[in-house]
Structures are given as structure tokens and as C-alpha cells.
Amino acid sequence: MAASHTPVLLDEVLEYLDPKSGGIYIDGTLGLGGHTKEILKRSGPDGRVIGIDRDPDAIEIAKERLCEFGKRVEFIHGSFSEMGRIAKDLGIREVDGILLDLGVSSLQIDTGERGFSFLKNAPLDMRMDSTGGITAADIVNSYPLEGLQKLLWEFGEEGYSRRIAREIVKTREAARIETTGELARIVERSIPRKDWPEKIHPATKTFQAMRIAVNDELGSLEHGLNDGIVLLKAGGRFCVISFHSLEDRIVKNSFRNWETPCVCPPSLPVCRCGKIKMARVLTKKGVKSSENEVRANPRARSARLRVAEKV
């Protein structure tokens, strides 16, 4: 798995992050270390990367892949939502750049037993950090009907959220739902065949919603953005790669808020809000993968990179 890892939008990330010798960078989604490896190369001989990841398996693989860089890379098992505390614990007051590559990793998708994919029947888990926390099975078997419907609609943007939620509740009354295959079949029979999407499995949105809920992905993103902009030094770059509209909306709105100074009503003669501009957005519409990259790595198709520079 490590050998086949392909970091998304790598050239674009390096262009905007612009790693330099002596710089300190945070890769908040270390994964298998693809982005971090190139950041370390570009920032030699003494640039540093703080690599953070929830997945202990990914960290162990990344340690092997990045062993040549020695103490220039620090491996932290944790969430990027806590990067402020992590940096403080390491004695770091400010950093030159931050990268977040959001969503589920190739390692997690390809390891069927982790329960992220409906392509292999496996325990209904979906935890990015397998050392603790609730699983997708816990949610499926305990949430009330309205809670399930809301989750599927808000996190999956699933038009058949209520029908799927009803079918989940009906099914679990007979026996606990334990596997990815069971959940996928529930979704399949909840959506009329004529309304199945043409290019994706009908359970795709449901699995996305469950994964986001299990890992509190949107809440973690908001915390990580807030911590990160404080950590960045003036001129430092914040690069975020997202893969669906919910993540991208949070990033876009946060960047826009950082870029906007006074928000007082125009009728006020002087500013009373005290809000100042914190960053300037370098990618107004976001950067998408090239056709060549998508051909080489189909998972890059939905990727969008947004970059802000602290002022």
C-alpha cells in the first residue's frame, strides 16, 4: 500500500506552500507521508515537518517511508483539530505553513476490514482512529429515526434520507446491523432502482454521512482552521484540499472571513467591531486536479485546493 500511495495535487501544494530551508510546517493529515516527503525535500537541509494523523497504522507506515529525514520530521498520533496544543507541547510558537488533505485516506479505503467501503463486506467501523470512539455500527443501531434522517441529509446530502432511516430502524428491530454489506443492501432497497445514481453506488452518500459523523470531520475541520490561522506567521500559507462540498464550504467561508476586515453596518461612521483582516485568499475559485492527474489517479477527480496567506 505504501508504495502505491499517490499524493493529490502535489505540484500545486508545493507551489503555494513554497517550503524553504529552516521553515517549520504542519502536515495535519500525514497519511502515508507523500506530501510530507516532498515538503522535507524542498525545505532541506533543515526544514521541519510536524506530521499529525489520527490513524496509528498510517503513522507507522509513514515512519518507515520518511526515516531518511531523521529528526526533521515529528510524528504525532492525534487530530489536526488540536494542532495548537500540539505545537505548544513541542515548544513551537509559529509555523511557516500548514497543509490539510481532508477526508478518508487511500490506506483506510483500501483496508477493507476498516469498514469505510461498501466494496468489501466488513465490520461497520469507519473510525479513522481505531484506538477508540464510536463506530458506524453504534450510530446505525442506536440513533433514533429523526437523528438518522438528519445525519444522512446534513452530512450525506442524501435525498432519500428519510426512507433509508426508516429502513435502518425496521431492519435493526429484527437484528443488530453489523457489516458494511448489510448497510449497503439497506440503502439499495430504500432507493427506487430508477433513481440510483449513474456513476456512483447508491450507498455512497450514506457511507459518507456515517464516516463524517463517526469522526466528527466537520467539527474537527472548524477547530483546525481556527487553531491554524493563529499558529501561522505573517506570510505563512494555509493549504487545504477538500473532496466534497460540505468541507469545501467550511474552508471557503473561513478563508473569506479571515480576508474580510470590518463587518460593521455601512451606516456607522466609525468601526466598532474591531475586526481586522487576518489573511488574503490566493485561490479565489480553488484549484482542481488536471486531466492528466485524474487519469493517473481517479481519486483526485473531486479534489479542490484552497490557499490563504496570513497577513
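Colleague: How many residues in the lining of the second largest pocket are nonpolar, polar and charged, and how do you know which class each belongs to?

Modeller: The lining of that pocket has three nonpolar, five polar and three charged residues, where Ala, Val, Leu, Ile, Met, Phe, Trp, Tyr, Cys and Pro count as nonpolar, Asp, Glu, Lys and Arg as charged, and the others, Gly among them, as polar. This is a predicted model, in which local features need pLDDT of at least 70 and side-chain atom pairs count only at pLDDT 80 or more, while totals for chains, interfaces and linings use all residues. Residues are numbered from 1 along each chain as its sequence is written, and side-chain values use heavy atoms, with hydrogens and water left out.

Colleague: Which residues line the second largest pocket?

Modeller: Among them are Arg-54, Ser-79, Met-128, Asp-129, Gly-132, Val-214 and Asn-215.

Colleague: What makes the length of H10 agree with that of a helix?

Modeller: Helices are DSSP runs (H or I, at least four residues), numbered from the N terminus, as are strands (E, at least two), and the expected span is 1.5 Å times one less than the number of residues. The 12 residues of H10 (residues 204-215) should therefore span 16 Å, and the end C-alpha atoms are 17 Å apart, which agrees. Just after H10, Asp-216 takes a positive phi of about 45 degrees.

Colleague: Why is H10 called mostly covered?

Modeller: Buried means under 20% relative accessible area, exposed over 50%, and partly exposed in between (1.4 Å probe, protein chains only), and 10 of the 12 residues of H10 are buried. The buried residues include Phe-207, Met-210, Val-214 and Asn-215, and the helices that the buried residues pack against include H6 (136-142), H7 (145-156) and H12 (245-259).

Colleague: How do you know whether Cys-262 is in a disulfide or in no disulfide?

Modeller: A disulfide is a pair of cysteine sulfur atoms within 2.5 Å, and by this rule the count comes to zero. The cysteine sulfur nearest to that of Cys-262 belongs to Cys-271 and is 3.6 Å away, so Cys-262 is in no disulfide.

Colleague: Is Cys-273 buried, exposed or partly exposed, and which residues is Cys-273 in contact with?

Modeller: The relative accessible area of Cys-273 is 36%, so Cys-273 is partly exposed. Cys-273 lies in the loop between H12 and strand E6 (279-281). Contact means heavy atoms within 4.5 Å, and, leaving aside neighbours within four places in sequence, Cys-273 is in contact with Cys-262, Val-263 and Cys-264.

Note on methods: On a 1 Å grid over the protein atoms alone, a cavity is a set of points where a 1.4 Å probe fits but cannot get out, and a pocket is an open set with protein on both sides within 12 Å along at least five of seven lines; lining residues have an atom within 4 Å of a point.
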